[in-house]
Amino acid sequence: MREDKLYYQDPYLVAFDSTVIECIPKGNLYTVILEKTAFYPEGGGQSYDIGYIDNAKVLEVHTVDGKVVHTTDTSLTPGEKCHGVINWERRFSHMQHHTAEHIVSGIIHKLYGADNIGFHLGTEFVTMDYNVNLNDSDIEKIELLSNEAVYKNLPVKIDYYDSVPPISYRSKIEIEGEIRIVTVEDYDVCACCGTQTKTTGEIGTIKIIDFHKYKGGTRLYMLCGDKAIKDYQLKQNNIKSISALLSVKPESSFTAVQNLLEEKNSLKQEISRLKMSLHRLKAEAIEPSSKVILFMEDYSMEDLIKFGGIIKEKAPLIALFSGKDDEGYKYCVYSEDNDIKALASKINSALNGKGGGREFISGNMNSLKKDIEEFFESL
């Protein structure tokens, strides 16, 4: 264990004193190397710490050629003493989520023989990828067993080995040299370089908020501690608001929404039927001619196409529009005597339009009504 990496000696260390070894300008920022640091650099799926070194804000922390490099917004003087303070809220959240990942991954490995092939500890949630297909029932079981590990408040043990240890452990990659093993008894033994809580109880809560198929396996989305509680509060408030709007109890809101959607679909079908009746009535009033050019009020593109299909036998050229001069127009054109592709190109070029089709032309155009009328009258 490197003595200059204070985050391994004590992951609960918030403030520390050190000496500036190097400070190099990089654009408007600076890259800083300290004699020792408590700032965890990005690695092992865990994001970096942020905070301050004296008055310099630490924006990022990475490992470069084995050295921990801090990116700051202010320069520091090499050779001078300095005081660092990490953002504890962010660090502790990372510790909670990383230890929780070990528990969840250990359980999935034990139950399904699956490997964790991807892990990212982001600012909003944790994603974990496994080479096994999981379903709703599996996720519920994994979540319950994971929280049982939390309730037991088990110690999280960390050991260092100079070479491959004589024990069975999980690892995403082959490791050479010193190996850091994190153990949660009865749940997981895994090679890991991240920061962990002292006990599983400090995780607070493990909540798998979503999952889906990913690269032949499953991707899980997880929240822990305060983040899990805030997510629950948000969703609970949403359910309360929805149930109040629907005048039902929260536990009946799903059924109420289902009924509402069924009613909506029924009304949509009725509206569609009435629209078709209206289209046919309007069509009866149109006399056959050489061309029909109509501007329809508040017609959707779907309505234009349906109406055009009904009246396309009325004339060799049917041109329908809906819109306003200052907003532009939707259009639908049926033509028997013109090459559709060539006509679409001509329309779009002349009237600043975008559209096309095979049996008819539909799209949008930004032109004045009088210019549209003049163009189609000239065809």
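Start by selecting L220: setting aside neighbours within four places in sequence, L220 is in contact (heavy atoms within 4.5 Å) with V104, I108, V126, T127, M128, Y130, L134, I139, I208, D210 and F211. Before going further, note that this is a predicted model, where local features need pLDDT of at least 70, side-chain atom pairs count only at pLDDT 80 or more, and totals for chains, interfaces and linings use all residues. Residues are numbered from 1 along each chain as its sequence is written, and side-chain values use heavy atoms, leaving out hydrogens and water.

**The cores**

Now widen the selection to the largest nonpolar core, which has 29 residues. Such a core is a set of buried Ala, Val, Leu, Ile, Met, Phe, Trp, Tyr and Cys residues joined through side-chain atoms within 4.5 Å; buried means under 20% relative accessible area, with a 1.4 Å probe and protein chains only. L220 is one of the members that touch the most others, along with I103, V104, I108, M128, I206 and M222. Colour by element next: two or more residues each come from α2 (88-112), β7 (116-121), β8 (126-130), α3 (136-151), β10 (179-184), β12 (206-214) and β13 (217-224). Helices (H or I, at least four residues) and strands (E, at least two) are DSSP runs, numbered from the N terminus. Helix α2 gives the most, with 5 residues. Apart from this core lies another, of 20 residues, including F16, Y40, C82 and I86.

**A buried isoleucine**

Move to strand β10 and pick I181. Is I181 buried or exposed? Its relative accessible area is 1%, so I181 is buried. Show its surroundings: leaving out residues up to four places away in sequence, I181 touches K157, I158, D159, Y161, P165, I167, Y169, V189, C190 and A191.

**The barrel**

Next, select β1 to β6. In what order do the 6 strands close into a barrel? The order is β1-β2-β5-β4-β3-β6, with antiparallel pairing (strands pair if DSSP finds at least two bridges between them). Zoom in on β4 (residues 56-64) and β5 (residues 67-72), which are joined by 6 bridges. One to find here is V64, whose bridge partner in β5 is K67.

**Two helices**

Finish with α7 (residues 340-351) and α8 (residues 369-378). On the α7 side, display K346, I347, A350 and L351; on the α8 side, D371, I372, F375 and F376.

Conventions:
Buried < 20%, exposed > 50% of the residue type's maximum accessible area, 1.4 Å probe, protein only. Axes fitted to C-alpha atoms, helices over the stretch in contact; angles between N-to-C directions.
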